[in-house]
Amino acid sequence: MARETLERPPGTKPALTAVDPRKARRGDRLFKSLAAAAGSTIVAAIALIAIFLLVRAIPSLRANHANFFTSAQFSTTNAEHLAFGIRDLFMVTVLSSITALALAVPVAVGIAVFLTQYVPKRLARPFAAMVDLLAAVPSIIFGLWGIFVLAPQIEPFAAFLNRNLGWLFLFKQGNVSLAGGGTIFTAGMVLSVMILPIITSVSREVFRQTPHIQMEAAQALGATKWEVVRMTVLPFGRSGVIAASMLGLGRALGETVAALIILRSAAHPGHWSVFDGGYTFASKIASAAAEFSEPLPTGAYISAGFALFVLTFVVNAAARTIAGGKVNA
């Protein structure tokens with residue numbers, strides 16, 4: 001241990017206390033081990049879930065008499081003649097989620113910019129709390145509100161889109177009446193409200209971290225408030241907005257109760273139209289949960305769940321790649 005080279009007044013303590021390097025290294029190793037164990041827990045849980053789904057799905061996939069990826073059938077009433085596919089489930093899930101994302105992201109980014117750049121600080125906190133409270137509303141409430149309140153209100157707008165843009169496949173009339181409101185379009189609007197607080201919260205925190213020196217530099221060059229936002233805040237928070245959007249998309253992909261209440265079953269939706277009905281992956285599984293008594297029919301629904309599991313992973317992996325590319329650029 002090094003000796004002190006400067007004299008200290010009597011009765012004073014040394015400024016620095018010597019630390020045993022062996023104890024420090026032991027503490028670092030212990031903390032590293034605990035942190036690694038905590039991080040590995042979620043990886044192990046996800047791996048176990050994937051293994052469980054795959055093991056339970058394989059027997060049903062082997063007994064399946066239809067093409068799992070391209071068939072519109074989903075018949076599991078006869079355990080000896082299973083015929084199920086995920087084509088329509090995939091279509092309805094993707095359309096409703098993309099519709100929700102397209103509606104929610106611009107609004108969420110606008111709210112986040114307003115709260116961080118324009119609204120007075122004394123009002124920003126209560127306004128942000130009101131937006132965050134949307135996340136506390138149960139899914140079943142959103143579903144009931146969507147089918148009984150929102151659907152009748154947006155029927156004229158849906159009819160307008162169908163009448164004027166019906167030549168585009170997205171807005172063609174499907175197998176569900178627009179008057180009932182149980183369409184992918186209605187479900188997408190409800191899902192957009194449900195994912196709005198998630199995207200807003202993450203985007204708000206990212207925009208708040210924008211370096212003030214960059215904003216002040218832009219203002220010193222004579223930039224207006226909007227130009228400061230456009231040149232500094234939005235580019236800085238781009239990767240955060242992408243990550244927030246993917247969190248919201250994951251929420252929309254897995255939504256069950258609201259989608260089950262709003263969407264009306266259609267014989268063969270397969271038109272890729274937002275004015276169609278059908279089931280999402282999650283709502284289809286939930287609708288038959290009471291019938292999970294025999295292994296093979298149950299495995300058919302587990303196969304659909306595994307497809308949703310993989311879809312969610314692919315979406316998040318793509319989002320991380322895009323966000324990483326934006327950051328590196």
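What pattern does the protein chain follow, read along the sequence? In this predicted model, the pattern is α-β-β-α-α-α-α-α-α-α-α-α-α.

**Figure 1. Secondary structure and confidence of the protein chain in the predicted model.** The chain comes to 11 helices and 2 strands. The average pLDDT is 84, and 89% of the residues score at least 70. Residues 1-6 have a pLDDT below 50, and beyond near neighbours in sequence this stretch has 2 contacts in the model.

**Figure 2. Burial, surface and contacts of the protein chain.** Of the 329 residues in the chain, 39% are buried. The chain exposes about 19,000 Å², of which carbon and sulfur atoms supply 66%. Among contacts between residues at least 6 apart in sequence, 74% join residues at least 24 apart.

**Figure 3. Helix α8, residues 238-254.** This helix has 17 residues, so at 1.5 Å a residue it should span 24 Å. The C-alpha atoms at its ends are 25 Å apart, which agrees with that expectation. The buried residues of α8 are G240, V241, I242, A244, S245, M246, G248, L249, A252 and L253.

**Figure 4. A nonpolar surface patch with residues from helix α4.** The patch covers about 620 Å² and is made by I140, I141, L144, W145, F148, V149 and V257. Helix α4, residues 139-165, supplies the largest share of the patch, 6 residues. I140 is found in helix α4 and is one of the patch residues.

**Figure 5. L178 in the loop between α4 and α5.** The loop that holds L178 lies between α4 and α5, the latter spanning residues 184-208. L178 has a relative accessible area of 13%, under the 20% limit, and therefore counts as buried. Leaving out residues up to four places away in sequence, L178 touches E155, A158, A159, N162, Q173, T183 and F275. One of these residues, A159, is 19 residues from L178 in sequence, and the two C-alpha atoms are 7.1 Å apart in space.

Conventions: Residues are numbered from 1 along each chain as its sequence is written. This is a predicted model: local features need pLDDT of at least 70, side-chain atom pairs count only at pLDDT 80 or more; totals for chains, interfaces and linings use all residues. Side-chain values use heavy atoms; hydrogens and water are left out. Helices (H or I, at least four residues) and strands (E, at least two) are DSSP runs, numbered from the N terminus. The expected span of a helix is 1.5 Å times one less than its number of residues. Buried means under 20% relative accessible area, exposed over 50%, partly exposed in between (1.4 Å probe, protein chains only). pLDDT is the predictor's confidence in each residue, from 0 to 100. Contact means heavy atoms within 4.5 Å. Patches are made of residues with over 30% relative accessible area and no salt bridge: like charges are joined within 9 Å, nonpolar side chains (Val, Leu, Ile, Met, Phe, Trp, Tyr) within 5 Å. Accessible areas come from the Shrake-Rupley method with a 1.4 Å probe; for residues, only the protein chains shown count as cover. A salt bridge is a side-chain nitrogen of Lys or Arg within 4 Å of a carboxyl oxygen of Asp or Glu.
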